[in-house]
Amino acid sequence: MPLETKHEIDPPPAAVPDAVVRTKLIPAMALGFVCRCPHCGEGRIFGRFLKVKPACEACGLSLEGHRADDLPPYLVIFIVGHIVGYLILKIEMGYDLPLWVSATLWPGLTLGLALGLLQPVKGAVIGLQYAMRMHGFDTSLPSRPGAEETRVGPADTAAGIGRV
């Protein structure tokens, strides 16, 4: 009769309930693209055209740590350049447009697309930074609106200790 022994080299870590779940990458970027908070999806990110609010009014997520910098304009130039460049090539090769039509259509379309995409692309970059825990988004998160608080261990309600 063989003697069975069990050796645990790496015991499994104790499971700690995670009350606040971080939004995944694609949904966070999609919420940012529609200019909503990447954490709760309720509050708006922007106070003015490209000015990010200091915090979400719905969940309290601090948004002031974002550093979108130059990535949104580069992405907008890339996207608009490919769209307008393709349209110029297809239309100018297939049709004989007067010069005044081309001189007003293409710059107007370029400007309209660039201004229309700049805020959503910046929101998507903020959603990317949130999901990747970059630039101040790596700290603890506020609870989502409507979510119940989860108690971990003995709760001291006066000091808020034990709440997640």
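# A walk through the model

Among contacts between residues at least 6 apart in sequence, 58% join residues at least 24 apart. Keep that in mind as you click around, and remember that this is a predicted model.

**Stop 1: the whole chain.** Start with a cartoon view of everything. Of the 164 residues, 27% are buried.

**Stop 2: helix 1 against helix 3.** Select 25-33 for helix 1 and 99-131 for helix 3. How do these two helices pack? Their axes sit 6 Å apart, at an angle of about 150 degrees. An angle over 145 degrees counts as roughly antiparallel, so that is the label for helix 1 and helix 3. As for handedness, helix 1 passes helix 3 in a right-handed crossing. To see who makes the contact, show side chains on the helix 1 side for Leu 25, Ala 28, Met 29, Gly 32 and Phe 33. Across from them, on helix 3, pick Leu 117, Pro 120, Val 121, Gly 123, Ala 124, Gly 127, Leu 128, Tyr 130 and Ala 131.

**Stop 3: Gln 129.** Stay on helix 3 and select Gln 129, which lies in that helix. Is Gln 129 buried or exposed? Its relative accessibility is 4%, so it counts as buried.

**Stop 4: Arg 133.** Next, select Arg 133, in the loop between helix 3 and strand 1 (151-156). Check the backbone here: Arg 133 has a positive phi of about 60 degrees, even though it is not a glycine. With 48% relative accessibility, Arg 133 is classed as partly exposed.

**Stop 5: Cys 35.** Now jump back to the loop that links helix 1 to helix 2 (71-94), where you'll find Cys 35. This is another spot to check phi: for Cys 35 the value is positive, about 65 degrees, and again the residue is not a glycine. Is Cys 35 buried or exposed? It counts as buried, because its relative accessibility is 6%.

**Stop 6: Cys 59 and Cys 40.** Still in the loop between helix 1 and helix 2, select Cys 59. Its relative accessible area is 10%, so Cys 59 is buried. You'll get 6.5 Å, for a pair that is 19 residues apart in sequence.

**Stop 7: the salt bridge.** Last stop: select Glu 57 and Lys 53. How many salt bridges does the count give? The answer is one. Glu 57 forms a salt bridge with Lys 53, and the closest N and O atoms are 3.1 Å apart. Colour by accessibility and look at the lysine: Lys 53 has a relative accessible area of 24%, so it is partly exposed.

Terms used
Residues numbered from 1 in each chain as written. Predicted model: local features only at pLDDT ≥ 70, side-chain atom pairs only at ≥ 80, totals over all residues. Heavy atoms only, no water. Helix = DSSP H or I, 4+ residues; strand = E, 2+ residues; numbered from the N terminus. Buried < 20%, exposed > 50% of the residue type's maximum accessible area, 1.4 Å probe, protein only. Contact = heavy atoms within 4.5 Å. Salt bridge = Lys/Arg side-chain N within 4 Å of Asp/Glu carboxyl O. Axes fitted to C-alpha atoms, helices over the stretch in contact; angles between N-to-C directions. Parallel < 35°, antiparallel > 145°, perpendicular 65-115°, else oblique. Left-handed = near helix turned anticlockwise from the far one by under 90°.
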